[in-house]
Amino acid sequence: MRKAVETFNFELIFMPAMSRNTRYWLSQLGGWGLFALINIFFAYSFDKLGSPQERSDFYWRLVIFVVTGFILSHLMRYIIIGFNLLQKRLEQQLIIFVLITLVLAFIASTLENLLLMQFDLQNKTERAFKDNFLLLVLSGAFSMFTLFFIWNLIYFMYHFVTKSQKQQLDTLKLEALVKELELKTIKAHINPHFIFNSLNGIRALIDEDPNRARNAITELSNI
């Protein structure tokens, strides 16, 4: 039991040598960085970056999208922590997560389209619908909603697994404590029985062999 507790202590304390905040920032940078690399890979694979102007527009569009997503996903984390959502019932968590994801997806899409219009980085399709800003926002919100939903799912699963591990560790500690208390109880019962049996044995020896009885008393006193 003690070995199991020590194993869980090692996994939860020594394995994650970095703080939770550091792991979060590394995950954020790694996740959005990976998203950017995947987009660049597919852009080159399907030969979508012909002219230097197209390459420049593509990279600036990608920067705007990734930075917007990065900032608003970080804001989403603040909302989750601020409202203590991870401590609510599972049904409430799911409903609020979906609502937060939807609202921030629309905000992200709005900001992205405004920046694209400001810096004249819209593609042909977006230019065709430039007079219908709401349609552009709805189109962009769908992509952002998908990404934010995946982000929320990973965040939720990470904390769910961490919470389960902590509960399992607490259970192991409780079981170890119960075993220790049981052992102390057994010892407490054994000691009086040992003294009682020893005294009965010495009493029987007093008449039969006084010398052995005297030695037994001396040994018992030493114990």
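Reader: How many aromatic pairs does the structure hold?
Author: The structure holds 10 aromatic pairs. Please keep in mind that this is a predicted model. One of the pairs is formed by F58 and Y59, whose rings are edge-to-face, 5.4 Å centre to centre and with 65 degrees between the planes.

Reader: Is F58 buried or exposed?
Author: F58 is buried, with a relative accessible area of 19%. It counts as buried because the cut-off is under 20%.

Reader: And what does Y59 count as?
Author: Y59 counts as partly exposed, at 31% relative accessibility.

Reader: What about F97 and F156: how are their rings arranged?
Author: F97 and F156 form an edge-to-face pair, 5.9 Å centre to centre, with 80 degrees between the planes. The pair links distant parts of the chain, since F97 belongs to helix 4 and F156 to helix 6, 59 residues apart. Both F97 and F156 are buried.

Reader: Which residues form an aromatic cluster with Y24?
Author: Y24 forms one aromatic cluster with W25 and F70.

Reader: Let me change topic. How many helices and strands does the chain have?
Author: The chain has 7 helices and 0 strands. Buried residues make up 25% of its 223 residues.

Reader: Now the nonpolar core. Which residues touch the most other members of the largest one?
Author: They are M76, I80, F148 and W151, in a core of 24 residues. At least two residues of this core come from each of helix 2 (20-45), helix 3 (52-82), helix 4 (90-118) and helix 6 (133-208).

Reader: Which helix supplies the largest share of this core?
Author: Helix 3 does, with 7 residues.

Reader: What does F148 touch, leaving aside residues up to four places away in sequence?
Author: F148 touches W32, G69, L72, S73, M76, T101, L104, A105 and A108.

Reader: Back to the whole chain. Among contacts between residues at least 6 apart in sequence, what share joins residues at least 24 apart?
Author: That share is 72%.

Reader: Lastly, what does the accessible surface of the chain come to?
Author: The accessible surface comes to about 15,900 Å², and 67% of it belongs to carbon and sulfur atoms.

Definitions and conventions
Residues are numbered from 1 along each chain as its sequence is written. This is a predicted model: local features need pLDDT of at least 70, side-chain atom pairs count only at pLDDT 80 or more; totals for chains, interfaces and linings use all residues. Side-chain values use heavy atoms; hydrogens and water are left out. Helices (H or I, at least four residues) and strands (E, at least two) are DSSP runs, numbered from the N terminus. Buried means under 20% relative accessible area, exposed over 50%, partly exposed in between (1.4 Å probe, protein chains only). Contact means heavy atoms within 4.5 Å. Accessible areas come from the Shrake-Rupley method with a 1.4 Å probe; for residues, only the protein chains shown count as cover. A nonpolar core is a set of buried Ala, Val, Leu, Ile, Met, Phe, Trp, Tyr and Cys residues joined through side-chain atoms within 4.5 Å. Rings of Phe, Tyr and Trp (its six-membered ring) pair if their centres lie within 6.5 Å; planes under 30 degrees apart count as stacked, over 60 as edge-to-face and the rest as tilted.
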